[in-house]
Amino acid sequence: MRSIAPLLVLFLLHLCYRPVYSQKIFDVHLHGSKDPAGQLQQLGRAHVYKAALSTSWDQQVTYNDPKVKLLYGLMLPCPNGKVPYSLQPCYSNGAAWPGLAWTEAQIKAGKIDFIGEVLTQYFGIYPGDSSMLPYYALAVKYRLPVGIHTGGAGPNHGAPNFNLKLGNPLFVEPLIYRFPGLKYGSCMRETNITKRLLRS
Ligand SMILES: [Zn+2]
């Protein structure tokens, strides 16, 4: 009978040098879906271990998954009180802005991990509009990151005051000087439009 030792050695070598696929992904900007459970399953299959979620306040609580760690955002200001595209109310009272005292209470309760998606462009105001400043101040106070939408938008967003010109990322620059501790990230869409805006 022939020895199987050489085959065994080859098999063990194969195990030792087999490439291990261990890429882990942090999805830094996740919009809500009509099917949160299905969306989370899809993320798990794509090796997403963490995701920063931006959707209506009520929908956020329906997101829960043992495999994907979720970071919960605070969406504001909401055009006509609604989340663009899905047009569900951002807040159950239909308001465009969350109250400041309420916001701070939610931060203290650990229910807000970041301020975003900031929808100033959809709302028709600059990211540095005076109405936004108290929220940035809260972000700095509690060391929360801020994600601001810049760039373009898709069709049927349902925001009547959306203004493409307000999506120039350079409009964020004064905020960085005004709030030196601000941890800022851009929820950017369509790099070609952004390039055009930067040149304009
Ligand atoms: Zn977005």
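Reader: Okay, where is the place of Pro77?

Author: Pro77 sits in the loop between strand S3 (69-76) and helix H4 (100-108). Helices and strands here are DSSP runs (H or I, at least four residues, for helices; E, at least two, for strands), numbered from the N terminus. Before we go on, residues are numbered from 1 along each chain as its sequence is written. This is also a predicted model, in which local features need pLDDT of at least 70 and side-chain atom pairs count only at pLDDT 80 or more, while totals for chains, interfaces and linings use all residues.

Reader: What kind of peptide bond joins Leu76 and Pro77?

Author: A cis one, with omega at about -20°. The bond from Gly116 to Glu117 is cis too, with omega near 0°, and Glu117 belongs to strand S4 (residues 114-118).

Reader: Why is Arg143 called exposed?

Author: Arg143 has 9 other C-beta atoms within 10 Å. Arg143 is in the loop between helix H6 (133-141) and strand S5 (145-151), and has a positive phi of about 55° although it's not a glycine.

Reader: And what makes Asn156 buried or exposed?

Author: Its count is 8 other C-beta atoms within 10 Å, so Asn156 is exposed. Asn156 is found in the loop between S5 and helix H7 (173-178), and its phi is positive at about 60°, though this isn't a glycine either.

Reader: Which residues is Leu198 in contact with, leaving aside neighbours within four places in sequence?

Author: Asn168, Pro169 and Leu170. Contact means that the two C-beta atoms, placed from the backbone, lie within 7 Å. Leu198 lies in helix H8 (residues 191-199), and with 10 other C-beta atoms within 10 Å it is exposed.

Reader: What makes something a nonpolar core?

Author: It's a set of buried Ala, Val, Leu, Ile, Met, Phe, Trp, Tyr and Cys residues joined through C-beta atoms within 7 Å. The largest one here has 31 residues, and Met75, Leu76, Ile115, Leu119 and Val146 have the most contacts inside it. Among the elements giving it two or more residues are S3, S4, H6 and S5.

Reader: Which residues does Leu119 contact, again leaving aside neighbours within four places in sequence?

Author: Met75, Leu76, Pro77, Cys78, Pro79, Pro84 and His149.

Note on methods:
A residue is buried if 20 or more other C-beta atoms lie within 10 Å of its own, exposed if 12 or fewer, and partly exposed in between; C-beta atoms are placed from the backbone.
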